[in-house]
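Let's walk through a structure together, one feature at a time.

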Amino acid sequence: MGATRLRSQFRILVAGVWAHNISILTGIVCSIILTPVLISCLGGEAYGLYAAVGSVMAYLFVLNLGTGYAVPKYVAECWARKDIDGLRRLTSSFFCAFLALALMLVLLGVLCLPHLHYLFKTSPGLVRLVQVVFFLTVVNFAIILPFGVLGGVLYGIQEVHINYWLDTLFHILHLLAAYVVLKLGYGLVAVTLGALGARVVVTLLLLRFVQQRCPGVSVRLRWVNRKLLKDLLTPAFHYLAINVSTLLIFSTDNLVISSLAGVSAVTAFSVASKLCRLPQGLIFGLGRVLFPHISELDALNNVARLRMVHTQLTKYSLLMALAIFTITAAFGKKVIELWVGPENFAGLPVLLSFCVLIPVNTVVQSSLVVLMGMARHSRLSWLLMVEGLVNVALSVVLLRFIGVLGVALGTLISRLAISFWFTPWYTCRVLGQGFRDYWTGARAALLPLLPCAGLAMLVAQVHLSPVLVVFGGSLAIGAAYLLFFYRFSLRRDERELIWNRVASLLGRSTLAA
């Protein structure tokens with residue numbers, strides 16, 4: 001029975017990771033296609049405005065009050081107990097509460113319109129454009145806020161792959177809509193309307209999937225339970241603190257630059273940041289899909305397996321992070337020049353600062369998801385809040401002395417000084433896990449770094465077509481990482497386990513065919 005459950009859990013994990021990675025890769029491809037089109041059609045200043053307003057969308061996600069993690073956690077409990085009435089009360093309570101919050105948000109957005117020039121420094125001709133784009137962005141999020149509860153229902157019943165396939169569809173629809181309206185000669189307002197239309201389509205499909213997977217669940221005012229809402233918002237508070245600190249650390253840069261140096265300075269910085277941050281979704285996907293499983297292990301008090309998950313999650317995530325770090329550091333300049341032109345390259349120091357953040361963030365995130373799955377992240381949430389404030393302060397100060405490089409360094413310095421070392425150490429302490437044992441298991445991912453970095457430097461010097469060097473070199477480095485990791489970083493029993501699970505999946509696929 002236990003072996004059957006492990007195989008089932010593994011298949012759920014594979015389905016979730018597969019759908020998540022397809023979603024992230026689709027987002028990367030769509031961004032690669034759309035970014036140069038936006039820059040060429042809109043101009044540098046309007047694109048900087050587009051990027052800066054996009055950062056506002058990230059801040060709006062704070063308004064889910066941490067329920068992006070809390071709702072799935074309690075949905076999973078109701079689903080396991082087959083408590084349909086409890087699931088109805090949970091869904092209805094949060095949906096109605098967030099619907100009311102969304103309506104208030106739209107009203108607040110209207111009131112903020114006359115004061116946006118304090119946040120976005122633009123030429124006088126773009127003031128009206130700022131107001132319209134900002135309002136449409138707020139409306140877009142007002143749709144996400146209540147209907148995100150239904151996405152949390154699918155997440156909680158371990159149908160997370162549906163959410164990721166819907167994200168994939170949104171990326172494609174957004175790209176198509178933006179491309180069509182730009183080619184027809186319309187501007188940024190039409191692009192934002194296209195995103196809003198894509199969001200409506202995906203939301204309607206989400207409703208359909210929830211009805212199919214949870215036919216007994218619907219939203220009714222009579223099922224709203226204020227006491228339940230109050231009780232569940234309390235543990236969600238520290239998830240909220242994590243969200244706020246993450247925004248301060250990673251989504252403030254564009255706003256700092258926009259408000260102090262103008263939106264035109266955001267463009268090149270945003271391109272370098274996007275190049276390094278887009279692939280991180282692939283790395284963090286494993287932890288996101290494992291989140292419900294970590295909560296389940298915690299409920300069963302299976303500490304031994306939680307320790308193993310902590311080590312293995314860090315090791316495999318760090319492997320992907322180091323491969324992406326090497327590829328981006330070696331070919332990032334060429335990619336940006338091919339992608340949006342050399343005039344939009346922010347400089348090698350800025351790019352390398354973002355590259356170093358890739359493995360650094362991975363170590364933090366791998367331990368953080370374990371703490372969040374156990375609901376033991378309260379102390380860390382306050383520390384991350386301090387890091388966010390330090391990051392903003394450093395970015396503002398360093399921007400005045402060394403330009404946009406100072407903003408990138410502010411993020412890197414604050415992360416290395418605070419959460420990079422504390423998060424894994426504290427997680428080991430919570431799990432009763434020796435830090436040396438944890439590090440011994442996780443550091444195996446470092447073994448391929450030196451030979452693969454050497455290979456990357458050699459490939460980068462090849463005088464061939466830049467497109468061929470980038471794509472061929474990236475594939476070669478990725479393959480080298482996997483080969484070195486498989487041969488030198490894994491024990492024999494780990495290699496046998498991988499082959500057995502792959503054979504199991506292939507056998508299942510063959511039977512299904």
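Q: How far apart along helix α17 are Phe435 and Tyr438?
A: This is a predicted model, so keep that in mind throughout. Helix α17 covers residues 435-442, and Phe435 and Tyr438 sit three residues apart in it, which means they are separated by about one helical turn.

Q: How do I read a pair of aromatic rings?
A: A pair of aromatic rings is described by the distance of the centres and the angle of the planes. A search of the whole structure turns up nine aromatic pairs. Let's take Trp421 and Phe422: their ring centres are 5.7 Å apart and their planes stand at 90°, so this pair is edge-to-face. For Phe435 and Tyr438, the centres are 5.8 Å apart and the planes are at 40°, so that pair is tilted.

Q: How much of the protein chain is buried?
A: Of the 513 residues in the protein chain, 51% are buried.

Q: How many helices and strands does the chain have?
A: You'll find 20 helices and zero strands.

Q: How do I describe two helices that pack together?
A: Two packed helices are described by the angle between their axes and the distance between the axes. The crossing of α13 past α15 is left-handed.

Q: Which residues make that contact between α13 and α15?
A: On the α13 side, they include Pro349, Val350, Phe354, Leu357 and Val364. On the α15 side, Val404, Leu405, Ala408, Leu412 and Leu416 are among them. Sorted by type, the residues of the contact of α13 with α15 come out as 13 nonpolar, three polar and one charged.

Q: What about α14 and α15, and which way do they run?
A: Helix α14 (residues 378-402) packs on α15 at an angle of about 150°, with the axes 7 Å apart. That angle makes α14 roughly antiparallel to α15. Their crossing is right-handed. Among the α14 residues that meet α15 are Leu384, Glu387, Val390, Leu394 and Ile402. Facing them in α15 are residues including Val404, Gly406, Val407, Ile413 and Arg415. By type, the contact of α14 with α15 has eleven nonpolar residues, six polar and two charged.

Q: How do α4 and α5 pack?
A: The axes of α4 and helix α5 (residues 127-156) come within 9 Å, crossing at roughly 175°. Angles over 145 degrees count as roughly antiparallel, and α4 and α5 are therefore roughly antiparallel to each other. Phe94, Phe95, Phe98, Leu99 and Cys112 are among the α4 residues in the contact, and Phe134, Phe135, Phe141 and Pro146 among those of α5. This contact splits into 21 nonpolar residues, two polar and no charged.

Q: Where does Cys96 lie, and what does it touch?
A: Cys96 lies in helix α4, which covers residues 84-112. Cys96 is buried, with a relative accessible area of 18%. Setting aside neighbours within four places in sequence, Cys96 is in contact with Val219, Leu221 and Val224. Cys96 and Val219 are 123 residues apart in sequence, yet 8.1 Å apart in space from C-alpha to C-alpha.

Q: What share of the chain's contacts join residues at least 24 apart?
A: Among contacts between residues at least 6 apart in sequence, 85% join residues at least 24 apart.

Q: And where is Thr192, and is it buried or exposed?
A: Thr192 lies in helix α7 (residues 188-213). Thr192 is buried, with a relative accessible area of 10%. Leaving out neighbours within four places in sequence, Thr192 is in contact with Val133, Leu136 and Thr137.

Conventions
Residues are numbered from 1 along each chain as its sequence is written. This is a predicted model: local features need pLDDT of at least 70, side-chain atom pairs count only at pLDDT 80 or more; totals for chains, interfaces and linings use all residues. Side-chain values use heavy atoms; hydrogens and water are left out. A crossing is left-handed if the near helix is turned anticlockwise from the far one by less than a right angle, and right-handed if clockwise. Helices (H or I, at least four residues) and strands (E, at least two) are DSSP runs, numbered from the N terminus. Contact means heavy atoms within 4.5 Å. Ala, Val, Leu, Ile, Met, Phe, Trp, Tyr, Cys and Pro count as nonpolar, Asp, Glu, Lys and Arg as charged, and the others, Gly among them, as polar. Rings of Phe, Tyr and Trp (its six-membered ring) pair if their centres lie within 6.5 Å; planes under 30 degrees apart count as stacked, over 60 as edge-to-face and the rest as tilted. Buried means under 20% relative accessible area, exposed over 50%, partly exposed in between (1.4 Å probe, protein chains only). Axes are lines fitted to C-alpha atoms, for helices over the stretch in contact, and angles run from 0 to 180 degrees between N-to-C directions. Angles under 35 degrees count as roughly parallel, over 145 as roughly antiparallel, 65 to 115 as roughly perpendicular and the rest as oblique.
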